[in-house]
Amino acid sequence: MSAVTIKNLSKVYDIKGKKVEALKGVDLHIDQGSFVTIVGKSGCGKTTLLRVLSGLEEKSGGNFAFSSPKIGIIFQEPRLMPWLTVKQNMGFSLINNKDKEETDKTVNKYLSMLRLSEFKDAYPSQISGGMAQRVAFGRTLCYNPELILMDEPLGALDAFNRRKLQNDLIEIFIQNKKTIIFVTHDVDEAIYLGQKIVVLDQGRVIKELIVDMPYPRQTNSEYFFELREEILSLIIND
Amino acid sequence: MKKYKGLVIPAIITTVWWISTSLNLVNAYLLPSPKRIFDTFIYLLSNGLLIKHMEVSLLRVLGGFFITVIVALPLAVLVALNRKIYDYLEPVLEFIRHIPPISLIPLLILWLGIGEASKISIIVLATFFPVFLNTVSGIVNSDEKLKEVGIVFNFSPRDSLTKIIFPQALPSILVGLQLGLGYSWRSLIGAELIAASTGIGYMIIEAEQLSRPDIIIVGILAIGILGYAVDSLFLKLTNKFIAWDREEGDYVSGYDKELVKGL
């Protein structure tokens with residue numbers, strides 16, 4: 001079953017009277033419960049695609065449909081509310097939930113899953129960038145969407161934290177059976193995480209690749225190298 | 001330790017003052033000795049005069065400030081959320097903003113007499129702008145990126161306002177209120193100096209006419225100390241709401257270092 005169907009989606013920005021085409025007819029099918037990475041260089045339209053899908057930007061043309069209307073998005077920055085503690089931030093989407101006990105249970109579950117229980121009373125200014133991004137993951141998981149859109153969520157982290165959070169994400173994916181669309185400009189990251197890699201260039205899908213490799217993936221395998229070369233040549237050669 | 005550091009300069013000033021008055025380096029008529037000031041202070045305290053004037057002034061400040069809050073806050077929220085209204089208001093507000101409230105005292109006395117109404121009007125005029133402008137800027141400048149989080153979670157406009165925009169604007173609003181409190185003291189004493197029959201400003205101007213510099217100095221000290229106390233109390237009361245904004249801290253450093261490394 002498909003979680004997302006995108007047909008001929010386009011987006012034109014009007015920047016000081018000049019038309020800039022960010023998406024030029026994107027066609028894409030994303031299966032329910034799959035982990036898809038979208039890779040491309042800066043300005044290829046990756047972020048625009050996510051912003052249009054999440055409703056933060058209006059589309060200019062074409063169509064898209066979801067199997068479930070509940071969508072979560074994780075941004076490049078954690079975007080935590082600085083006046084709320086880690087725990088309160090995690091439960092932010094459930095703020096109007098009448099059943100406080102249930103909310104508490106949900107939040108505590110993800111606090112421990114993301115190893116954040118120890119820091120539940122800390123404020124965002126008091127924790128590290130990697131921890132803050134894990135809180136943002138937890139906040140979206142508490143919201144419990146069917147589909148999670150991720151806009152380079154690990155882009156601002158150092159290499160060590162990045163690998164740790166990549167593994168966390170795989171764990172989250174396996175345990176929660178969500179559909180994930182993950183945007184990145186890092187080809188290695190796209191291969192490490194995605195079951196399918198969508199290569200985006202100049203607002204168009206230029207290639208879809210299936211990654212036939214079990215988790216956790218060996219980054220030094222022949223297969224990994226070949227995929228990386230293939231993707232890089234697609235992006236660079238145009 | 002920080003507390004005591006702040007006392008060093010007042011201690012030096014008092015010592016120099018003390019020495020110069022006891023060695024008769026200054027005219028004791030113009031600058032009475034600290035002991036004389038202290039005696040006058042005790043005298044004014046024991047006959048209840050100082051407390052009476054302080055109470056009157058304090059009540060005026062609180063009354064005027066209260067009116068400002070109930071007028072300026074809602075108006076600021078309205079303006080910040082409907083920028084079109086601001087286009088109508090901006091020239092008028094800019095005009096009024098440049099008029100020192102003290103310059104309106106003669107007119108206010110003609111209209112409202114020398115009673116409470118003219119004093120409170122002065123305070124409202126002096127405190128309106130810091131409260132209004134800080135509230136507007138707090139709301140207008142709230143982070144778009146955090147508002148998007150609300151959109152993604154399907155928040156209603158009301159939720160977005162109360163759960164994201166207001167909490168974020170709170171530090172700015174409180175700074176406006178704190179500034180307003182300070183301004184209200186300055187303008188009130190000005191008003192009391194020009195026309196009043198009670199209040200610390202009146203006590204000071206009466207002492208001038210009686211050639212009593214000791215009472216003037218006690219009055220000045222009383223204004224400063226009372227203002228300081230009100231400000232500290234305000235900070236203490238509001239601190240817990242915006243601890244996240246005022247407190248600099250590293251939560252992680254207070255924890256097990258080994259544990260943190262493993263995260």
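I took a residue as buried if 20 or more other C-beta atoms lie within 10 Å of its own. The model I examined is predicted.

**Entry: A:T85**

I applied this cut-off to A:T85 and counted 20 other C-beta atoms within 10 Å, so A:T85 is buried. I placed A:T85 in the loop between β5 and α2 of chain A. I then listed its contacts, leaving aside residues up to four places away in sequence, and found A:K120, A:D121, A:A122 and A:Y123. I also checked A:K7, which is 78 residues from A:T85 along the chain; their C-alpha atoms are separated by 41 Å.

**Entry: helix α3 of chain A**

I recorded α3(A) as residues 100-113, 14 residues in total. From its first C-alpha to its last the helix reaches 20 Å, close to the 20 Å expected at 1.5 Å a residue. Which residues of α3(A) are buried? I noted A:T106, A:V107, A:Y110 and A:L111. They lie on the same side of α3(A), because they cover an arc of only 135° around the axis. On the other side of the helix I found A:E101, A:E102, A:K105 and A:S112 exposed. I looked up what the buried residues pack against, and the partners are α2 (86-90) and α4 of chain A.

**Entry: backbone angles**

Most residues other than glycine have a negative phi, and most peptide bonds are trans.

Just after α3(A), I found A:R115 with a positive phi of about 55°. A:R115 belongs to the loop between α3 and α4 of chain A. I counted 15 C-beta neighbours inside 10 Å, and A:R115 is therefore classed as partly exposed.

B:S211 sits in the loop between α9 (200-209) and α10 (213-239) of chain B. Is B:S211 buried or exposed? I counted 10 other C-beta atoms within 10 Å, so B:S211 is exposed.

I also recorded a cis peptide bond from A:Y215 to A:P216, with omega near -10°. A:P216 is in the loop between β9 (204-210) and α7 (222-236) of chain A.

**Entry: contact between the chains**

How many residues does each chain give to the contact? I found 24 residues from chain A and 17 residues from chain B. On the side of chain A that touches chain B, the elements giving two or more residues are β5 (71-74) and α4 (129-143).

Conventions
Residues are numbered from 1 along each chain as its sequence is written. Chains are lettered from A and ligands numbered from 1 in the order in which they are written. This is a predicted model: local features need pLDDT of at least 70, side-chain atom pairs count only at pLDDT 80 or more; totals for chains, interfaces and linings use all residues. Two residues are in contact if their C-beta atoms, placed from the backbone, lie within 7 Å. Helices (H or I, at least four residues) and strands (E, at least two) are DSSP runs, numbered from the N terminus. The expected span of a helix is 1.5 Å times one less than its number of residues. A residue is buried if 20 or more other C-beta atoms lie within 10 Å of its own, exposed if 12 or fewer, and partly exposed in between; C-beta atoms are placed from the backbone. The arc is that of the directions from the helix axis to the C-beta atoms.
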